[in-house]
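Please look over the sequence and the structure shown here. A short report on the fold and on some of its contacts comes after them.

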Amino acid sequence: MSQHRHPGAPGRAGAVPALPDLPEATVARLPEYLRALHNLAESGHETVSSEGLASAAGVNSAKLRKDLSHLGSYGTRGVGYDVALLVDQIEYVLGLTQRRAVALVGVGNLGHALAGYDGFASRGFRIAALLDADPDRVGEEIGGLVVRHVDELPRVAAEEAIAIGVIATPAAAAQRVADQLVAVGVTSILNFAPCVLSVPEGVDVRKVDLAIELQILSFHEHRKASLTALPATGGSALTALPGGLAATDPQEAIGT
């Protein structure tokens, strides 16, 4: 089976743009494949096997082949996938063929770091505006952009055609900022604030909570320590749980 472009992919004359109906899990993995493909291209690779790409992306090859089949990509037997072509296909599906303008609201410690991150530009995004409500921040220059007051958001959104809003404010301010973004027509929001946002139907929110990720890793550390501490005989041990509960199964004791 040979590799081919999706009917709506760029580079096909007269094609009508069309997007495959992808499972959410596949959509979540496509950026990992794209990152791995960019690294391969930078290393001079023109083709890659499904096993090689899966290993670079941290998934199993069967899952990768199924994901890419949704794009109409099957690779060439004995050769693998054309790296440049697959980059084109994934970037098209992810909407990265145009550089989307991003407004970053909140330039405290986290926002300042995000504003200076070079990886956005190389992956199809342009930080077009920095905004904050703190008068001490307004006027500061970061990465060639001057921080503007958040009240200027309507003007900024119109001038820069903002497609995505990034919220890096304290939790108490995040909902108000989300409402402001929605009011100016932004329907895609990346939220770094440790709270849940309420948005209208049709607005997509992705939440990044670093503390939650650390707590999940803490669970895995706790589980590994619990398993290591089991009696060498393999017998059941009575494990005390908070609240006076107890479990004889170590897996039960740690909530699995």
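The report covers the chain as a whole, then a helix contact, then an aromatic pair.

The model is a predicted one. Its secondary structure amounts to nine helices and twelve strands. Of the contacts with a separation of 6 or more, 54% join residues 24 or more positions apart. The table lists further values for the chain.

| Property of the chain | Value |
|---|---|
| Residues counted as buried | 35% of 256 residues |
| Accessible surface | about 14600 Å² |
| Share of that surface from carbon and sulfur atoms | 55% |

**A helix contact**

Helix H1 spans residues 24-42 and helix H3 spans residues 61-69; the two pack with axes 10 Å apart, at an angle of about 105°. H1 is therefore roughly perpendicular to H3, since angles of 65 to 115 degrees are classed that way. On the H1 side, the contact is made by Thr26, Arg29 and Tyr33. H3 contributes Lys63, Leu64, Asp67 and Leu68. By type, the residues of this contact are three nonpolar, three charged and one polar.

**An aromatic pair**

How many aromatic pairs does a search of the whole structure find? The search finds one. This pair consists of Tyr117 and Phe120, with 4.9 Å from centre to centre and 90° between the planes, an edge-to-face arrangement.

Definitions and conventions
Residues are numbered from 1 along each chain as its sequence is written. This is a predicted model: local features need pLDDT of at least 70, side-chain atom pairs count only at pLDDT 80 or more; totals for chains, interfaces and linings use all residues. Side-chain values use heavy atoms; hydrogens and water are left out. Axes are lines fitted to C-alpha atoms, for helices over the stretch in contact, and angles run from 0 to 180 degrees between N-to-C directions. Helices (H or I, at least four residues) and strands (E, at least two) are DSSP runs, numbered from the N terminus. Angles under 35 degrees count as roughly parallel, over 145 as roughly antiparallel, 65 to 115 as roughly perpendicular and the rest as oblique. Contact means heavy atoms within 4.5 Å. Ala, Val, Leu, Ile, Met, Phe, Trp, Tyr, Cys and Pro count as nonpolar, Asp, Glu, Lys and Arg as charged, and the others, Gly among them, as polar. Buried means under 20% relative accessible area, exposed over 50%, partly exposed in between (1.4 Å probe, protein chains only). Accessible areas come from the Shrake-Rupley method with a 1.4 Å probe; for residues, only the protein chains shown count as cover. Rings of Phe, Tyr and Trp (its six-membered ring) pair if their centres lie within 6.5 Å; planes under 30 degrees apart count as stacked, over 60 as edge-to-face and the rest as tilted.
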